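Trainee: Before we start, I would like each label tied to the criterion behind it.

Mentor: Then ask about the labels one at a time.

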Amino acid sequence: MEQRLLSELVSQRGVTGVALLDGDGFVLFSEPLHDDSVHSLAKAVALLDPKFSTGRVTLNGENATIIVQELLGGKVLVLRCEVSSNLGRIRQKIDTVTTQLNALQP
C-alpha cells in the first residue's frame, strides 16, 4: 500500500523522487525503486532533529526543491521536486497521501 501511495506522488508533474523513512531514518520505501540519489537525500533528511519539526519543511535549492512531511509513528515522507514545479498542487497531493499513510499506522 505504501509503495502505491509513493507511486501516486511521483506521478505528479515535477516530482522526481520520493522516500518514506522510519523513525530511525532508514528508508522503508522509495520511488523510483533503484534511485540512489533518493536514498542519499533520505539519509541527509534523517539528520534533521524531530524536536524542532513543525510538520512540514520545504527546502528550496538551486537544482531542486525538497519537501519533508512528518507522519504519525515517527515516519517521514521526503519528496524531491524540480525547481519549476507547482508546489501548491504537490502539497495538496501530499496532504491526501499523508492522511492515507497516517491511517495505516497501528
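Trainee: What makes β1 mostly covered?

Mentor: Six of the seven residues in β1 are buried. Buried means under 20% relative accessible area, against over 50% for exposed and partly exposed in between, with a 1.4 Å probe and protein chains only. The model is predicted, with pLDDT of at least 70 needed for local features and 80 or more for side-chain atom pairs, while totals for chains, interfaces and linings use all residues. Numbering starts from 1 along each chain as its sequence is written, and side-chain values use heavy atoms, leaving out hydrogens and water.

Trainee: How many of the chain's residues are buried?

Mentor: The share is 42% of the 106 residues.

Trainee: What elements does the chain have, and in which order do they run?

Mentor: Three helices and five strands are present, in the order α-β-β-α-β-β-β-α from the N terminus. Both kinds are DSSP runs numbered from the N terminus: helices are H or I with at least four residues, strands E with at least two.

Trainee: Why are β1 and β5 called paired?

Mentor: Two strands pair if DSSP finds at least two bridges between them. β1 and β5 have six, in the antiparallel sense, so they meet the criterion. One of the bridges has L21 with V76 of β5 as its partner.

Trainee: How many bridges join β1 to β2?

Mentor: Four, and the two strands run antiparallel. V18 has E31 of β2 as its bridge partner. The hairpin of β1 and β2 has five residues between the strands, and G25 there takes a positive phi near 90°.

Trainee: What is the strand order of the sheet, and what makes a strand an edge strand?

Mentor: The sheet is open, with five strands ordered β2-β1-β5-β4-β3 and antiparallel pairing. An edge strand pairs on one side only, as do β2 (27-31) and β3 (56-60). From one strand to the next, the twist averages 15°. β4, residues 65-70, pairs with β5 over six bridges in the antiparallel sense, and I66 has R80 of β5 as its bridge partner.

Trainee: How do you know that α3 packs on the sheet?

Mentor: α3 touches β1, β3, β4 and β5, where contact means heavy atoms within 4.5 Å. Its direction makes about 25° with that of β4. Axes are lines fitted to C-alpha atoms, for helices over the stretch in contact, and angles run from 0 to 180 degrees between N-to-C directions.

Trainee: What makes a group of residues a nonpolar core?

Mentor: The members are buried Ala, Val, Leu, Ile, Met, Phe, Trp, Tyr and Cys residues joined through side-chain atoms within 4.5 Å. The largest such core has 16 residues, of which L9, L77 and L79 touch the most other members. The elements giving two or more residues to this core are α1 (2-10), β1 (15-21), β5 (76-81) and α3 (87-103). α3 supplies the largest share, five residues.

Trainee: Which residues does L9 touch?

Mentor: Not counting residues up to four places away in sequence, L9 touches V15, V18, L77, L79, K93, I94 and V97.
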